[in-house]
Each structure stands twice: as structure tokens, then as C-alpha cells.
Amino acid sequence: MQDWQPCPRCGSKQIKTWDYWRSTITMIPLALGGCIFLVAGILFWPLWIIAFFLLLLAPLSFVPMFYKIKTCKTCKLMWNPKKKMKAS
């Protein structure tokens, strides 16, 4: 890993990166939930509003993958390694 760095806040080496599979695993329940609410909307039309938002959010789960967001497993800090961040 060329862009590896420890956590800016706590210095931990237990770092995970948002990747393709994490995005896919996030997208599937959103899309499935949207489809279920879409079908349930046949009986009760306001459920289509919920279905719309779930189906809109599903493809957005891939956005963090493009920014290479990193998360510290110890302190749960999320950061973009390309930007310099001051430790608090």
C-alpha cells in the first residue's frame, strides 16, 4: 500500500479503507428495501416516497469509494488521506 498512514487522531495501525465490496454490501439492502417498499406501495401509496429515497441512496453508496475514505477501527475517525488533517 503506497498511501498507507496511521490514524491522525490516535496513531493506531488498525485502518480499513472503503472499497468496492463494502459499497456493494451497502447498496444491496438499500436497493432491496426500495423494491420491497415499491411493491408495498401498491397497497399503500405513501410507501412509494420511502421507496424513492431508498432507490436514490443505493447508487450513492459508491461515492466514498472514489474518495478512498479511511476509517480507524480504534477511535472510529473517518478521513481522506489526500488531505492533511490536524490531530485533535
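This report describes the fold, surface and selected residues of a predicted model.

**Overall architecture**

The protein chain contains three helices and three strands. Read from the N terminus, these elements follow the order β-α-α-α-β-β. Of the 88 residues in the chain, 26% are buried. Among contacts in the chain with a separation of 6 or more, 58% are between residues 24 or more positions apart. The chain has an accessible surface of about 6700 Å², and carbon and sulfur atoms contribute 71% of that area.

**The nonpolar surface patch**

A nonpolar patch on the surface is formed by Leu38, Val39, Ile42, Leu43, Phe44, Trp45, Trp48, Ile49, Phe52, Phe53, Leu55 and Leu56. Together these residues expose about 1400 Å² of accessible area. Two helices, α1 (20-40) and α2 (47-60), each provide at least two residues of the patch. The largest share belongs to α2, which supplies six residues.

Leu56, one of the patch residues, is located in helix α2. Its relative accessibility is 43%, and Leu56 therefore counts as partly exposed. Phe53, also listed in the patch, is likewise partly exposed, with a relative accessible area of 48%.

The structure has one aromatic pair. Its members are Phe52 and Phe53, whose rings are 5.3 Å apart centre to centre, with 70 degrees between the planes. The arrangement is classed as edge-to-face because the angle between the planes is over 60 degrees. Both partners of this pair are named among the residues of the nonpolar patch.

**Cysteines**

A disulfide is a covalent bond between the sulfur atoms of two cysteines. A search of the whole structure returns zero disulfides. Cys72 is in no disulfide, and the nearest cysteine sulfur, that of Cys10, lies 3.6 Å away. The pair does not qualify because a disulfide requires the two sulfur atoms to be within 2.5 Å. Cys72 is buried, with a relative accessible area of 0%. Cys35, by contrast, is partly exposed at 41% relative accessibility.

Ile25 lies in helix α1, and Ser61 is placed in the loop between α2 and α3 (63-66). The two residues are 36 positions apart in sequence, and their C-alpha atoms are 9.1 Å apart in space. Ile25 counts as exposed, with a relative accessibility of 60%, whereas Ser61 is buried at 7% relative accessible area. When neighbours within four places in sequence are left aside, Ser61 is in contact with Trp18, Ser23, Thr26 and Met27.

Asn80 and Pro64 are separated by 16 residues in sequence and by 9.5 Å in space, C-alpha to C-alpha. With a relative accessible area of 17%, Asn80 is buried, because the limit for that class is under 20%.

**Accessibility of selected residues**

The table collects the relative accessible areas of the residues discussed above.

| Residue | Relative accessible area | Class |
|---|---|---|
| Cys72 | 0% | buried |
| Ser61 | 7% | buried |
| Asn80 | 17% | buried |
| Cys35 | 41% | partly exposed |
| Leu56 | 43% | partly exposed |
| Phe53 | 48% | partly exposed |
| Ile25 | 60% | exposed |

Definitions and conventions: Residues are numbered from 1 along each chain as its sequence is written. This is a predicted model: local features need pLDDT of at least 70, side-chain atom pairs count only at pLDDT 80 or more; totals for chains, interfaces and linings use all residues. Side-chain values use heavy atoms; hydrogens and water are left out. Rings of Phe, Tyr and Trp (its six-membered ring) pair if their centres lie within 6.5 Å; planes under 30 degrees apart count as stacked, over 60 as edge-to-face and the rest as tilted. Buried means under 20% relative accessible area, exposed over 50%, partly exposed in between (1.4 Å probe, protein chains only). Helices (H or I, at least four residues) and strands (E, at least two) are DSSP runs, numbered from the N terminus. Contact means heavy atoms within 4.5 Å. Accessible areas come from the Shrake-Rupley method with a 1.4 Å probe; for residues, only the protein chains shown count as cover. Patches are made of residues with over 30% relative accessible area and no salt bridge: like charges are joined within 9 Å, nonpolar side chains (Val, Leu, Ile, Met, Phe, Trp, Tyr) within 5 Å. A salt bridge is a side-chain nitrogen of Lys or Arg within 4 Å of a carboxyl oxygen of Asp or Glu.
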